[in-house]
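Dear colleague,

Here is the structure I promised to pass on to you, and my notes on it follow below. Please read them with the model open beside you.

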Amino acid sequence: MLTLALFSLTVSSSLFGAIAEQRPNVIYIFADDLGPGMLGCYGQQIVTTPNIDKLAREGMKFNNYYGGVFCAPARWTLLTGMHDGRIGGWEQTRAGLPIYRDAGNITEDEYQKALAKLKANAHPIATNEVFLGQIGQQAGYATAQFGKLDIGFLTWHERVKRFGWDFYEGYYDHQRCHGFYPPYLWRNGDRFELPGNTMADCGKTSERGDEPVGYGGETYSQNVFIEGILKYLRNHKDEPFFLYHPTQLPHGPVSIPELHPDFANHPTLTLAEKKYASMVKMLDDHVGLIMAELKALGIDDNTIVLFASDNGHELYYGPKDNYKKQRLTINEPANLADKKWRTSECGDVFDGAHGRAGLKRSAYQGGMQCPLIARWPGKISPGAETNLLAAHYDFLATLAELVGRQAPAGKDGISYLPTLLGQPQNQQHDYVIVNNHFAQMGSRALITREGLKLVEANRNQGVFQLYDILQDNEERNDLASHQPEKVAQLKAILQSETDSPRPDLGM
């Protein structure tokens, strides 16, 4: 057995070395608040997503993959390669300052003073910290980011460059991302105006989503990004590149320049539901444009494309108020035992969480289980699926192996490249950690390689639940009372990992 294992490792190392010599291009598309249940390949029935589904048919789909429960820590864990229970995982800057200035609520001088104070109080970045973009840079790749810049919430040019992006285009302020018609965006430190957009809040709509289609301005931000992405691909087709696209779609409140033909005249969907479905369709259409451009440029075969989302599903339509108030119906309250809130049972026409309990910010699967699809012709077997336990913080190590670099010591992530290539996954997580400062539907969680999930259901009362998510992904059967020793063991690990030091920084 030992000889066979060493032989397997030798073959894998040789294969990975050959891959690094090919210097494959890497594209990582990062959707915003898109639950797995919104994609056809994960069970969506109303909104068709043919381009993303095609990625899955031609590549590999992950079925046991975890992000964060909220946008900023999810991005932090992706870009740092650390789980968000580590120190700094939830230390984000405050958003909204540019909106106050743009709306005339503060003067430019007051804005600059407030921004200087925010920068001074921002969570410091250690000089020896290595981020995702820097992995590409160290391998000689051109690196680029388009969309929702940084980890959250308010950033600036020097900070974005520190994360390892040679080229970037997008929003500095994540609160401005709640609108899709910004008066201006940022490109490599330079502000550029968007024609026809004048609202300081970037055309943010109400939670009702009943504003007219196209409300907010004339130039839709996601259209700016896809144009920039396609231009970037054309300009860099002859050199290895790593392109990261953290899109706003389909984060709400809902906004779209026009309804997709599939839904414009739908007989039963509300206007907000039509807008949301059209946002998902636009995301899928833009994935299709990227894939078509790769083929047109002749670089499709040497480009690995990955598609994921930051956290679980979120409602920007339909029964969101009932979720906030934790009601199954007007007169029936939800609970965290036998009546958990689910999109499948509580009026979400799309069932965006596809039976999972909870939504964004929840410790249950609906809040943290994410899609991950990877396609690479000739390297990843078409139509493959995996139950490998993996998380956002594994991508830094995976990218390092893809581009022939050694992942920095002390990172929490483990490369899943062996799984992508159909090789033995000799290194695997014993568990993954997902931190959570919210408490509406549980808080923190730990998922083991064997498929057990510990949920801190009530932090104040010290209540923990245990589920076998490989058999019970909807978290209906709490095993805690039957396995108290396992609960105690996993609870001790989860508590020790929360607010824990950063081994990659030697602290």
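Contact is used here for heavy atoms within 4.5 Å. This is a predicted model, in which local features need pLDDT of at least 70 and side-chain atom pairs count only at pLDDT 80 or more, while totals for chains, interfaces and linings use all residues. Residues are numbered from 1 along each chain as its sequence is written, and side-chain values use heavy atoms, with hydrogens and water left out.

I begin with Lys453. Leaving aside neighbours within four places in sequence, Lys453 is in contact with a set of residues that includes Ala363, Tyr364, Gln365, Met368, Leu446, Tyr467 and Glu475. With a relative accessible area of 0%, Lys453 is buried (under 20% relative accessible area, with a 1.4 Å probe and protein chains only). The side chains of Lys453 and Glu475 are joined by a polar contact of 3.0 Å, that is, a pair of N or O atoms within 3.5 Å, where within protein one must be able to donate a hydrogen and the other to accept it, and residues adjacent in sequence count only if both atoms are side-chain atoms.

Lys453 lies in strand E17, residues 452–458; strands (E, at least two residues) and helices (H or I, at least four) are DSSP runs numbered from the N terminus. The order E15-E16-E17-E18 describes an open sheet of four strands with antiparallel pairing, where two strands pair if DSSP finds at least two bridges between them. Strands E15 (431–434) and E18 (463–468) stand at the edges with a single partner strand each, so one side of each is left without a neighbour in the sheet. From one strand to the next the twist averages 20°. Helix H14 (residues 484–497) packs on the sheet, touching E15, E16, E17 and E18, and its direction makes about 110° with that of E18; such angles run from 0 to 180 degrees between N-to-C directions, with axes as lines fitted to C-alpha atoms, for helices over the stretch in contact.

Elsewhere, strand E8 (residues 241–246) has six of its six residues buried, so E8 is largely enclosed by the rest of the structure. Phe241, Leu243 and His245 point one way from E8, whereas Phe242, Tyr244 and Pro246 point the other way. Strand E1 (residues 25–31) runs parallel to E8 and is joined to it by five bridges, with Phe242 as the bridge partner of Val26. Strand E4 (residues 142–148) is also parallel to E8, through four bridges, and Gln145 stands opposite Tyr244.

Best regards

Technical notes
Buried < 20%, exposed > 50% of the residue type's maximum accessible area, 1.4 Å probe, protein only.
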